[in-house]
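Here are my notes on the model, point by point. Please read them with the structure open.

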Amino acid sequence: MRQAGRYLPEYRALKARSSFLEMVKTPDLATEVTLQPLQRFPGLDAAILFSDILVIPEALGQPYSFRDTGGIAMAYRLETRAQVEALAPPESVVDSLSYVTATLRQLKQTLAGQKALLGFGGSPWTLATYMVEGGSSDDFERIKLLFYTDRGLFDALLERLTRALIAYFKAQIEAGADAIQIFDSWGGIVAGADYAEASLRWIREIIAALPPDFPVILYAKGTGTHLIDQSFTGARVLSVDWTVDLRTARAQLPKTIALQGNLDPLLMQTTPEIVRAQTQSLLEAMRDQPGHIFNLGHGITPQAKIECMQSLVDTVTQWR
Ligand code: CP3
């Protein structure tokens, strides 16, 4: 989950001098931002590559920026077959995104095996929502209309994204990522029966193309009813949002699949005492259960308080 960002004064200081995109594209800066949360909270187990899921649409020819009012704006809306066919060849993203692999190599060397290094990317479905909607969306009308009315074009786009992500993840693994997290952040907005065709089948295809047994973490927001299906994608870890009851989920899943999650990130805006109590009760619920990786249920918000994060890290690392 996102652990860098605006809640950290040291991140805001860097961002006062360079834009988000400059930081993402400059390996020295991206390395520095990646390491900021670990320097402040040495108890964290893993470094998460500082980048964004939207580097893939950009590498395919559809750049992104941030709206002044919050949220993402893509440079244009992807609407026609001609536009899909005009995207860059999927495998070419590896060359356009050489700054990502350069950052990973630098991180791998700096971390020297002391912390796990996590690479990541968006799911084809989640990336397609941004590309077809033209940015962040409230109703996801366009991507759903495309899925239901022109499955041929929908599949053509998702197939290209799948190929691009396979090449991209292979390059991340080669550059030193110890695990890959796939963010299906908008997996929960499609009707249950259609989730498999809209999103899951592409994720399964990606995981099948990676080295056998390479650890993949799948996070799909709002898909608590699909955990069993997700357990057949080849993902080794399912990362869940805070609406999922971890104990119930644990009981449903095979022991070979680890569960990651799922404290509500909003709690980081409360007090250290509330964070400690909530974290303890989550850990208590999973006492003696196999395969639990403590995590937030989504990314840290800019309003998160440092003292709440400290309380979280202390509570988890001192837990016995
Ligand atoms: O620890 C880390 O920071 C890891 C890096 C990371 C970022 N984005 C950096 C980032 C990761 C893993 C992501 C994933 C990502 N990006 C997702 C999937 C996970 C999720 O949150 O569901 C999505 C949907 C995106 C797209 C995106 N990028 C959004 C929706 C936003 C917020 C836009 C807004 O309204 O502010 C971003 C920006 C972004 N990506 C920030 C960070 C640290 C915030 C930038 C800033 O505030 O300076």
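1. How do the residues of the shell around the ligand divide into nonpolar, polar and charged? They comprise 13 nonpolar, seven polar and four charged residues. Here Ala, Val, Leu, Ile, Met, Phe, Trp, Tyr, Cys and Pro count as nonpolar; Asp, Glu, Lys and Arg count as charged; the others, Gly among them, count as polar.

2. A word on the source. This is a predicted model, in which local features need pLDDT of at least 70 and side-chain atom pairs count only at pLDDT 80 or more, while totals for chains, interfaces and linings use all residues. Residues are numbered from 1 along each chain as its sequence is written, and side-chain values use heavy atoms, with hydrogens and water left out.

3. The ligand is surrounded by 24 residues. A residue is near a molecule if one of its heavy atoms lies within 4 Å of it. The closest are Arg6, Tyr11, Lys15, Ser185 and His298.

4. Now the polar contacts, meaning pairs of N or O atoms within 3.5 Å. The side chain of Arg6 has an N or O atom 2.5 Å from an oxygen atom of the ligand. Ser185 places a polar side-chain atom 2.5 Å from a ligand oxygen atom. On its own the ligand has 870 Å² of accessible area, and the protein covers 90% of that. Those areas come from the Shrake-Rupley method with a 1.4 Å probe.

5. Where does the ligand sit? It sits in the largest pocket. A pocket is found on a 1 Å grid over the protein atoms alone: it is an open set of points where a 1.4 Å probe fits, with protein on both sides within 12 Å along at least five of seven lines. A molecule sits in one if more than half of its atoms lie within 2 Å of its grid points.

6. Check the backbone next. Most residues other than glycine have a negative phi, and most peptide bonds are trans. Gly261 and Asn262 are joined by a cis peptide bond, with omega about -5°. Asn262 belongs to strand S8 (residues 258-263). Strands (E, at least two residues) and helices (H or I, at least four) are DSSP runs, numbered from the N terminus.

7. Ala112 is in the loop between helix H7 (98-111) and strand S4 (116-122). Asp213 is in the loop between helix H11 (195-209) and strand S6 (216-220). Ala112 counts as exposed because its relative accessibility is 53%. Asp213 is exposed too, at 67%. The cut-offs are under 20% relative accessible area for buried, over 50% for exposed, and in between for partly exposed (1.4 Å probe, protein chains only).

8. Helix H8 (residues 124-133) is mostly covered, with ten of its ten residues buried. Among them are Trp125, Tyr130 and Glu133. Gly134 follows H8 and has a positive phi, near 80°.

9. Ile48 lies in strand S1 (residues 46-48). Ile48 counts as buried, because its relative accessibility is 16%. Its C-alpha is 9.9 Å from that of Thr31, 17 residues away in sequence. Leu21 is in helix H2 (residues 20-25) and counts as partly exposed at 22% relative accessibility. The C-alpha atoms of Leu21 and Glu32 are 14 Å apart, with the two residues eleven apart along the chain.

Key: Polar contact = N/O pair within 3.5 Å; in protein donor to acceptor, adjacent residues only side chain to side chain. 1 Å grid on protein atoms, 1.4 Å probe; cavity = no way out; pocket = protein on both sides within 12 Å on 5 of 7 lines; lining within 4 Å.
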